Protein chains: 2
Amino acid sequence: MAEDMADIIEDVLDARRVEAIQDAVDAQDAQRLDSLLDPLHAADIADLLEQISPTVRRELLRLWPEGIDGDILSELEEGIREEVIESLSPDVLAEAVRTLDTDDVVDILEDMEAADQDRLLGALDKADRVAVEQALAYPEYSAGRLMQREVVVAPEDWNVGQAIDYMRSVETLPDQFYHVILVDPRMKPRGYVTLGRVLSSRRDVLLHDIVEDSFRTIEAHEPEADVAYIFNHYHLISCAVVDAHDRLVGVITIDDAMNVLDEEHEEDMLRMAGVDDEASLSDTVIEAAKGRAVWLFVNLLTAILASLVISAFAETINQMVALAVLMPIVASMGGNAGTQTMTVAVRALATRDLTSQNALRVIWREAAVGAINGCIFGLLMALIAGWWFGIPMLAVVIGVAMVLTHIAAAAGGILIPMGLQRFGVDPALASGPFVTTVTDVVGFFAFLGLASWALL
Amino acid sequence: MAEDMADIIEDVLDARRVEAIQDAVDAQDAQRLDSLLDPLHAADIADLLEQISPTVRRELLRLWPEGIDGDILSELEEGIREEVIESLSPDVLAEAVRTLDTDDVVDILEDMEAADQDRLLGALDKADRVAVEQALAYPEYSAGRLMQREVVVAPEDWNVGQAIDYMRSVETLPDQFYHVILVDPRMKPRGYVTLGRVLSSRRDVLLHDIVEDSFRTIEAHEPEADVAYIFNHYHLISCAVVDAHDRLVGVITIDDAMNVLDEEHEEDMLRMAGVDDEASLSDTVIEAAKGRAVWLFVNLLTAILASLVISAFAETINQMVALAVLMPIVASMGGNAGTQTMTVAVRALATRDLTSQNALRVIWREAAVGAINGCIFGLLMALIAGWWFGIPMLAVVIGVAMVLTHIAAAAGGILIPMGLQRFGVDPALASGPFVTTVTDVVGFFAFLGLASWALL
């Protein structure tokens, strides 16, 4: 996917434009700066602010204080956003957040310190403030935090004409809405009708005769990962959110779900590599170093464990230094085979393709794959080692050790993520160190153990 | 994200229901099978078909031939889909594909063999067949393959009333549409109006007075990865697709973009782990083994390269076996630090957060992070090695080697993905082996080289 990176962005944020912007900042030319930035989309301005150096950013914010609006704040990543908010005057900040939908205000607020939150909440109209505070009462990463409270509803016995007349009469409709939700007198949602259907049906058609099959609701306390899954799995565009009594409290639209899906993926990818899952390119050196040190420390412990296995065979290595030369190959191949299986397993658990129904079949398949590739590469490595060191038994030992390590890698790669998931631990977070420990320990033990038994 | 996996799916596809379905298949009870499957959503039936064993699947398809419709085919993954299509009679297959939108037919067709493609195309109405064939004329993974050709357009001088009357008069509107696209007399798109705006505006309001800012077009030959990026970056719900002469040829909706985003993520994740990016849980053992052997082979070559470095210092190891015990720790820590940096870099390139504007700053930051963590873990490991083997100079050697390896890991982790991208190679695909080679070679060379110079 990456060959064409930056093609699009460079259209908008190409080096020339960025340079022109930096020149305007250097020249303290606020007017030119405004004429360069004003035509850009909020998402591109946010990208620009993230990509320029902190010094240029500070200068730019000083020269262009009125330019920052709610949309730009929404698009910024957390660290930079805090910096930008601090640079804004209370009036500009108030104006910026007032233009946003409540779900976007919640999104900005939830990352902020309590004192800054109060400052921002104080800038809102009363009605919006209440809506935002209610959303914040739901747990972090829940559907309640994601939803917008602006919902277009109609009584379930209305017809198309009544719905259209109602929508024409309402002063403000939400920016984004794709369905009219039908509710009963107690505000329980009963179904929804797409706007396309409303528009293409005669005025006397009853709404409940043109509802969509795809309608479903989600409880406000459900985790946002489930929201993303439901949208992706059932191809939803919007989904009604209900409280514990099944009453409609809001609606989530697909753009929010897409955002969550993107964040979940990023989290999985970073966690699997042992990087703090909130890492971003604008983290300082210290933040980034800290975010990675934790996993490096865990890795140090597992590496020492593997070394202890080697040291148990120090005498064997002393008698045949070829073992020291070859042993990293066994461990490296096992580690890679284990990572392959583990990645497939973590991904399949995340997409819910790996379930209790097919677990046994998948485990067997992985074991078989491990055995096959273990035999292929064990044989290949045996030939190479035999030719390299001219000791037939050494060739046999490394071949057999590689088969065993590959099978252990397959077993560890599939069973460890599944086991972690069963104990409520995110498999993406913790599988890596466990799998590597298994492959290193088994690899060194099998190779050096067989060698000390067969060769000396 | 994973603690709550399967919560939702288990609601629908819980073990009990799956068991009941398998029982019905065993009892050859077609009627009970139908009553169990019929209420399920197509996506859930597809999941079920993927999760049961091949034998049960074959029996189920035999007992429930009329049940398979186009939606289920759309939801199935490629391998299983082929199997299902082969089991269907020509009539059932024809009926199944006829109910689908053309973009879904294209999605099914593009994975099929030429002979099967012809069979399926033959089942379509002439108009649909032409539309599908035109879509297939666009390159694979392009916007043209993704788009639907059913578009709702209006001349740019119409008012709201004319648009509503037109939509009421058209016999079939697309299943999914969210905007009316305004076109000039030569079918060049000029803007779009959300259905919500159409519904809430008076009949005499001109469409071009209520167009959305967010409107943009994409050329049909653009890669689908760019489509996903544009939707995510600019929060689009639908996007007009144009040909080389800027004429409207179709529209892409967010659900398709979300799908691509999901696939791109999966591809990146699998590629980084060295797994064939089209791997799926329903691959056979042979397919899976083959899909991973390629990368294992590359890894074998890099592991042998690292071994050659070790063998250059065989004499040194022979004189101090502690070196053999400790050297995997240096390589393992370097490999992990390199993977951390590489993952951050690959992700930032994919999200276009890492660009030529901030490359230099990011490279410096990574080098600094590597130096800091290298010093911390170098010092820690020096203390451990000193205490373990009681040789002060050995402690110094491993400490210094770890600092050097961490800096090399940081440099390799960031420069290799950026370099590959510049040469048009997907960084997710090829960074891993290069980075590991760098860290292994530098790690072994620094540690053993320093040891032979300082210790002997």
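**Note on salt bridges, surface patches and annotated spans**

1. A:Glu110 counts as partly exposed, because its relative accessibility is 23%. The classes used here are buried (under 20% relative accessible area), exposed (over 50%) and partly exposed (in between), with a 1.4 Å probe and protein chains only. Accessible areas come from the Shrake-Rupley method with a 1.4 Å probe, and for residues only the protein chains shown count as cover.

2. This is a predicted model, in which local features need pLDDT of at least 70, side-chain atom pairs count only at pLDDT 80 or more, and totals for chains, interfaces and linings use all residues; side-chain values use heavy atoms, with hydrogens and water left out. Residues are numbered from 1 along each chain as its sequence is written, while chains are lettered from A and ligands numbered from 1 in the order in which they are written.

3. The side chain of A:Glu110 forms a salt bridge with that of A:Arg145, at 2.6 Å from N to O. A:Glu110 sits in the loop between helix H9 (102-109) and helix H10 (114-122) of chain A and A:Arg145 in helix H12 (residues 143-146) of chain A, so the pair ties together parts that are 35 residues apart in sequence. A:Arg145 counts as buried, because its relative accessibility is 14%. The rule for a salt bridge is a side-chain nitrogen of Lys or Arg within 4 Å of a carboxyl oxygen of Asp or Glu. Helices are DSSP runs (H or I, at least four residues), as are strands (E, at least two), and they are numbered from the N terminus.

4. Over all chains, the count by this rule is 32 salt bridges. Another of them joins A:Arg98 and A:Glu95, with 3.7 Å from N to O. Both residues belong to helix H8 (residues 90-98) of chain A and are three residues apart, about one turn of the helix. A:Arg98 is partly exposed at a relative accessible area of 37%, and A:Glu95 is partly exposed at 47% relative accessibility.

5. A:Asp204 and A:Arg202 also meet through their side chains in a salt bridge, at 3.4 Å from N to O. A:Asp204 is exposed, with a relative accessible area of 53%, and A:Arg202 counts as exposed at 55% relative accessibility. A network of salt bridges with shared partners connects A:Asp262, A:Glu266 and B:Arg347.

6. Two surface patches may be noted. A patch of negative charge on the surface gathers A:Glu78, A:Glu140, A:Asp276 and A:Glu278. A:Glu278 is placed in the loop between helix H16 (254-272) and helix H17 (285-312) of chain A and counts as exposed at 53% relative accessibility. A nonpolar surface patch of about 320 Å² consists of A:Met393, A:Val396, A:Val400 and A:Leu404. A:Met393 lies in helix H21 (residues 392-422) of chain A and is partly exposed at 38% relative accessibility. Patches take residues with over 30% relative accessible area and no salt bridge, joining like charges within 9 Å and nonpolar side chains (Val, Leu, Ile, Met, Phe, Trp, Tyr) within 5 Å. Lys and Arg count as positive, Asp and Glu as negative, and His and the chain ends are not counted. A charge is placed at NZ of Lys, CZ of Arg, CG of Asp or CD of Glu.

7. The unreviewed UniProt entry annotates "domain: CBS" over residues 147-208 and 210-267 of chain A. UniProt positions follow the numbering used here, feature names are shortened, and annotations may be inferred rather than shown by experiment. Residues 147-208 of chain A are 26% helix and 23% strand, with end C-alpha atoms 24 Å apart. Residues 210-267 of chain A are 43% helix and 24% strand, with end C-alpha atoms 40 Å apart.
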